[in-house]
Structures are given as structure tokens and as C-alpha cells.
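I opened my notebook for an afternoon of looking up side chains. Here is what I wrote down, entry by entry.

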Amino acid sequence: AVVSTQSTGKTKNEDKMNYFSSSFLSSSFYDTVFKYSFITSCIAFITLFFYNVPYGRHGSNSFFSVNPKFGWFIMESPTIFLWPYLYFNSPAKSSITLFFFLLFTIHYVNRTVIYPLRYPSPKKSPMSLIVVSSAFIFQCVNVYIVGGSLFYFKDYTDFSWISPSFLIGLFMFIIGMYTNIQSDAALHKLRSAPGERYKIPYGNLFEYITCPNYFGEMIEWLGYAIMSYDRGALLFFWWNIANLFPRALSNHKFNKTTFKNYPRNRKAIIPFVI
């Protein structure tokens with residue numbers, strides 16, 4: 001009798017988990033999340049031209065501020081637990097989905113673990129608890145949209161490793177990631193030097209734009225969308241634009257206001273354009 005009860009309980013738990021998984025990863029639920037995420041991204045894109053998210057140079061110390069190292073890790077952490085969950089529970093794993101899984105993972109190991117370890121002093125870079133909480137939810141949705149599409153709904157039966165779209169996208173991803181990491185490293189080195197917290201960066205793409213780190217990240221995820229040829233990755237790229245483009249304009253304005261000798265020909269985020 002005891003064995004029978006335990007077996008029944010286990011079956012009920014499995015049924016609950018299977019129901020949750022089937023609902024969570026159903027095409028109808030995915031389509032709903034995708035639609036509302038796109039609508040939200042459009043609203044965010046417009047809103048962020050008029051509102052600076054309070055972190056970094058636009059942040060300020062308050063009761064609701066948290067340690068930026070901790071805050072950054074928490075808000076990016078869905079890429080550490082939810083992304084692997086989606087991949088390893090996928091019923092249709094393949095060499096190409098593994099490849100896309102690894103590319104995304106490499107980027108976010110750097111972004112979630114390495115980046116906050118190199119973050120400046122917490123006293124100089126407060127991070128709002130509201131920003132951390134909203135970014136955590138944002139990343140949960142983004143990981144679900146990208147991973148759900150790539151690992152559950154996308155058909156790669158006719159995929160080719162030597163197709164022009166894959167090779168061009170991969171090249172863009174690599175160049176974008178290098179630009180992003182190299183630019184972040186240059187900024188951290190500059191901010192760690194004695195003197196004022198913010199200084200004018202020079203060299204490489206800094207000669208042409210204020211935010212080559214943002215530019216590189218946008219190129220990176222555009223490349224990811226092109227080589228995966230996937231709507232979830234494309235929406236993720238658009239979310240990057242919605243977040244980073246207005247932020248770059250705000251940073252550019254901040255620099256022009258702060259530094260009287262700021263290079264007049266330097267653009268905000270796209271060389272020679274804007």
C-alpha cells in the first residue's frame with residue numbers, strides 16, 4: 001500500500017510538470033508572449049528617448065539602490081538558469097541548435113559573470129533595485145522568446161553550414177562581440193585611472209562614435225538573427241535597438257555637456273550617421 005501511494009504521488013507530480021511544460025512551451029502561449037513583447041519593445045523604444053534608466057552615469061544613490069556587481073548578476077541571471085533549461089529539455093536538439101546555444105552562452109557568461117566582476121566601485125555606480133527587478137523579468141522573457149523559438153519551434157532540417165546567410169551572420173556576430181568586449185575593456189581601464197570618474201575615450205571606434213560597445217552589441221545580435229534566420233532572435237535584436245539606441249543618444253548628450261572639448265565630429269552610435 002505504501003509503495004502504491006508513493007507511485008501515485010510521483011505520477012501526479014509528473015503530470016503537473018508535463019502540463020506546465022506543455023502549456024509553457026505551447027505555440028499559442030509562445031505567440032502571445034512574442035506579440036506582447038514586441039508591443040512592449042516599441043513602447044520602450046519611444047519612452048527611453050525621454051527617460052534615462054537610472055544606472056551608471058545616469059544613476060544616483062538612494063535607499064532603493066543595490067551593489068552594481070550583485071545587481072548586474074541578478075538581472076542577467078536568467079541566461080544562466082533558464083537558457084540551459086530550455087536547451088536541455090528540448091526534444092529536437094541538433095548540432096546547429098547546440099551551436100546557437102553555445103554562442104548565446106559565451107556572450108552571457110561574459111555579460112553575467114565576467115562583466116560585473118570588472119565593474120567600477122559600487123559607490124560610484126549605483127544601480128536601482130527597480131532596474132534590477134524589471135531587467136530580470138525582461139531577460140526571462142527574452143530568453144524564453146529566443147530559446148523557445150530556436151529549440152522548440154524552428155525547423156533546421158534544410159540548414160546549411162555554408163549558406164551565405166549563416167557565414168555573413170557568423171562574421172557579424174564575431175566582429176560585434178569583439179567590438180563590444182574591446183570597447184567595454186577600454187572604458188573600464190579609462191575609468192579605473194586616477195582622476196575624474198568619466199573621461200573622453202580615444203582610439204578604435206571611439207574616434208567615430210561615443211558608444212562602440214552598444215554598436216558592437218547591436219551588430220552581434222543582428223548577426224545572430226541573420227545566421228539563425230529566426231523570429232525570436234530577430235525580436236531580441238530589435239529589443240537591443242530599443243534599449244541601446246536611446247541610451248547611446250543620452251550618453252552622447254551627457255559627454256557633450258560634460259566635456260567642453262568633446263570631439264565635434266564624433267557621432268553617438270552609428271559612425272558618420274548619428
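Is Arg231 buried, partly exposed or exposed? I looked it up in this predicted model: Arg231 is partly exposed, because its relative accessibility is 40%, between the cut-offs of 20% and 50%.

**Entry 1: the partner of Arg231**

I found Asp31 across from Arg231, their side chains meeting in a salt bridge with 2.6 Å from N to O. Asp31 is in helix H2 and Arg231 in helix H9 (residues 231-258), so this pair ties together parts that lie 200 residues apart in sequence. Asp31 has a relative accessibility of 35%, and I noted it as partly exposed too.

**Entry 2: Arg111**

I then counted salt bridges and got three. Which residues does Arg111 bridge to? I noted Asp184, at 3.4 Å from N to O, and Glu217, where the closest N and O atoms are 3.6 Å apart. The Glu217 bridge runs from helix H5 to helix H8 (residues 212-228), spanning 106 residues. Through shared partners, Arg111, Asp184 and Glu217 form one network.

For the other bridge, I placed Arg111 in helix H5 and Asp184 in helix H7, 73 residues apart. Arg111 and Asp184 are both buried, and Glu217 is buried as well. For Arg111 I have the number: 6% relative accessibility, which is why I call it buried, the cut-off being under 20%.

I also listed what Arg111 touches beyond its neighbours within four places in sequence: Trp72, Glu76, Pro116, Asn180, Asp184 and Glu217. Its charged end sits over the ring of Tyr115, 4.6 Å from the ring centre.

**Entry 3: another arginine over a ring**

I looked up Arg266 as well and found it over the face of Tyr202, 5.3 Å from the ring centre.

**Entry 4: aromatic pairs**

How many aromatic pairs does the structure hold? I counted 42. One of them is Tyr30 with Tyr144, a tilted pair with centres 5.6 Å apart and 50 degrees between the planes. Tyr30 belongs to helix H2 (residues 27-47) and Tyr144 to helix H6 (residues 129-153), 114 residues apart. Tyr30 is buried at 0% relative accessible area, and Tyr144 is buried at 4%.

Next I checked Phe99 and Trp161: their ring centres are 5.4 Å apart and their planes stand at 80 degrees, so I logged the pair as edge-to-face. Phe99 is in helix H5 and Trp161 in the loop between H6 and helix H7 (164-192), so the pair ties together parts 62 residues apart in sequence. Phe99 is partly exposed at 23%, and Trp161 is partly exposed at 37%.

How values were computed. Residues numbered from 1 in each chain as written. Predicted model: local features only at pLDDT ≥ 70, side-chain atom pairs only at ≥ 80, totals over all residues. Heavy atoms only, no water. Buried < 20%, exposed > 50% of the residue type's maximum accessible area, 1.4 Å probe, protein only. Contact = heavy atoms within 4.5 Å. Phe/Tyr/Trp six-rings, centres within 6.5 Å; stacked < 30°, edge-to-face > 60°. Helix = DSSP H or I, 4+ residues; strand = E, 2+ residues; numbered from the N terminus. Lys NZ or Arg CZ within 6 Å of the ring centre and 35° of its normal. Salt bridge = Lys/Arg side-chain N within 4 Å of Asp/Glu carboxyl O.
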